Protein chains: 2
Amino acid sequence: MARTKEFNEDQALDKAVEIFWHKGYNGTSAQDLVTHLGLSRSSLYDTFGDKQQLFFKALKRYQIQGQDAIKELLEESENVQEAFTQIFKQAVKESLEDRITKGCFMVNSSVELAMHDENIAKVVSENRQTMEDIFLKAVQKGQKAGQISTKLDALTLSRFLYNNYSGIRVLARAGEKNKQVYDDILKAMFSLF
Amino acid sequence: MARTKEFNEDQALDKAVEIFWHKGYNGTSAQDLVTHLGLSRSSLYDTFGDKQQLFFKALKRYQIQGQDAIKELLEESENVQEAFTQIFKQAVKESLEDRITKGCFMVNSSVELAMHDENIAKVVSENRQTMEDIFLKAVQKGQKAGQISTKLDALTLSRFLYNNYSGIRVLARAGEKNKQVYDDILKAMFSLF
DNA sequence: TTAATTCAGGAACGATTGTTCCGTATTTTT
DNA sequence: AAAAATACGGAACAATCGTTCCTGAATTAA
């Protein structure tokens with residue numbers, strides 16, 4: 001009975017992730033969204049509601065995609081230590097390569113909005129908890145396999161790892177391009193394995 | 001020849017630090033500034049120029065005050081390890097106590113603005129470099145005194161320490177109130193001493 | 001006293017913000 | 001072919017943004 005959408009909703013959401021990630025919530029105007037998503041104002045509001053709702057959906061999408069990627073990598077790997085190394089080296093690589101360094105969308109949103117928007121705060125908090133769980137299971141597996149030292153218990157180590165992950169993303173967002181800085185952080189961090 | 005200012009410029013700047021720290025640059029309106037600094041629009045613009053200049057001065061002020069405090073603590077302490085412990089425990093204490101957790105003004109500004117304003121990027125970069133230097137000298141002192149392990153070289157350790165400092169401030173900004181999370185991070189981190 | 005300077009308050013500016021609405025075109029189902 | 005439904009582009013909205021300017025009162029130094 002009705003006309004079909006001329007754009008793919010998920011693809012548009014990916015575009016929203018891109019620009020919100022790059023410019024932040026307050027830094028992204030309605031016009032920015034229209035231009036970057038490539039659809040009209042009316043379609044944008046009809047499809048996604050207002051700016052807040054669109055941002056929320058974009059952040060959720062980013063969260064799920066990011067978590068799935070890391071979870072899969074850690075679960076499928078036989079050597080957990082190697083998997084962690086891969087994850088962190090990838091983060092460093094992105095930080096150095098990206099001409100426009102965006103950091104981590106979740107960290108950025110956390111700093112910009114968590115304090116003033118409890119919905120965002122909830123997502124951020126859940127995200128940290130989930131990441132902690134993912135890391136925890138991997139560390140436990142690694143300790144059982146003798147790949148990771150048992151000097152520190154798995155939960156402590158997981159929280160520590162995620163904290164360094166956040167730190168690296170802040171460094172990236174600030175535009176740090178000196179590889180040695182990142183490598184030193186990783187070197188010290190992994191010396192606890 | 002002229003009427004004297006009825007407000008203290010530095011005190012007003014401190015107020016500016018407070019509100020920019022709390023709400024960020026984009027989140028703070030001109031009206032917010034008028035209300036919180038307690039001076040009229042005209043006085044505000046006459047004294048500090050526009051919003052960008054005021055923000056810049058506020059960030060600079062925060063930087064100098066924060067750095068001086070940490071530098072002094074590390075230089076005057078006889079036991080470097082204790083001094084570092086004190087610095088990080090203080091950061092955790094602030095994170096847990098503050099009803100409105102503001103995180104670190106420098107980290108916040110880094111995430112919000114460094115990518116789009118090269119003046120801010122410069123301040124952030126210089127700040128990280130200075131903090132690295134302050135930490136470096138302290139670590140070197142601690143290693144000579146046998147208070148810190150020489151398993152890792154001083155520069156590596158310094159960069160690692162500052163990265164964890166950033167991470168903790170992000171956690172605080174996100175409103176994390178579980179002390180155990182912070183304590184675990186510190187426990188793992190200090191196990192490298 | 002006079003002149004100079006700065007204060008506070010508020011009106012007003014143009015620009016930009018997020019959002020709504022309308023007329024038209026297009027596609028799908030009956 | 002007709003009717004229903006939705007996408008589309010763009011005009012238009014009120015609100016807020018940062019900023020400027022004007023007024024008159026207050027205070028100071030000459």
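Me: Buried means under 20% relative accessible area, exposed over 50%, partly exposed in between (1.4 Å probe, protein chains only). Which is K102(A), buried or exposed?

Reply: K102(A) is buried, with a relative accessible area of 16%. One caution: this is a predicted model, where local features need pLDDT of at least 70, side-chain atom pairs need 80 or more, and totals for chains, interfaces and linings use all residues. Residues are numbered from 1 along each chain as written, chains are lettered from A and ligands numbered from 1 in written order, and side-chain values use heavy atoms, without hydrogens or water.

Me: Got it. Where does K102(A) sit?

Reply: In a loop of chain A, between α5 (80-97) and α6 (105-113). Helices are DSSP runs (H or I, at least four residues), strands likewise (E, at least two), numbered from the N terminus.

Me: And what is K102(A) in contact with?

Reply: Skip its neighbours within four places in sequence. Then K102(A) is in contact with E18(A), W21(A), H22(A), N108(A), R173(A) and M115(B). Contact means heavy atoms within 4.5 Å. Note M115(B): that partner of K102(A) belongs to chain B.

Me: How far apart are K102(A) and R173(A)?

Reply: In sequence, 71 residues. In space, 5.4 Å, C-alpha to C-alpha.

Me: Zoom out. How many helices and strands are in chain A?

Reply: Chain A has 9 helices and 0 strands. Along the sequence, the pattern reads α-α-α-α-α-α-α-α-α.

Me: What box do its C-alpha atoms fill?

Reply: For chain A, roughly 60 × 40 × 30 Å, taken along the principal axes. Of its 193 residues, 52% count as buried.

Me: How many of its contacts join residues at least 24 apart?

Reply: Take contacts in chain A between residues at least 6 apart in sequence. Of these, 68% join residues at least 24 apart.

Me: Pick a helix. Which residues of α2 in chain A are buried?

Reply: Helix α2(A) covers residues 30-37, and its buried residues are D32(A), L33(A), V34(A) and L37(A). They pack against three helices of chain A: α1, α3 (41-48) and α4.

Me: What comes just after α2(A)?

Reply: G38(A), which takes a positive phi of about 75°.

Me: New topic: the largest nonpolar core. Which residues touch the most other members?

Reply: F84(A) and F84(B), in a core of 70 residues. A nonpolar core is a set of buried Ala, Val, Leu, Ile, Met, Phe, Trp, Tyr and Cys residues joined through side-chain atoms within 4.5 Å.

Me: What does F84(B) touch?

Reply: Leave out residues up to four places away in sequence. F84(B) then touches L74(B), F135(B), A138(B), V139(B), L161(B), F190(B) and F193(B). Apart from this core lies another, of 59 residues, including Y62(A), W21(B), Y62(B) and L113(B).

Me: Last one. How many disulfides over all chains?

Reply: The count is 0. C104(A) is in none, and its nearest cysteine sulfur, that of C104(B), is 18 Å away. A disulfide needs a pair of cysteine sulfur atoms within 2.5 Å.
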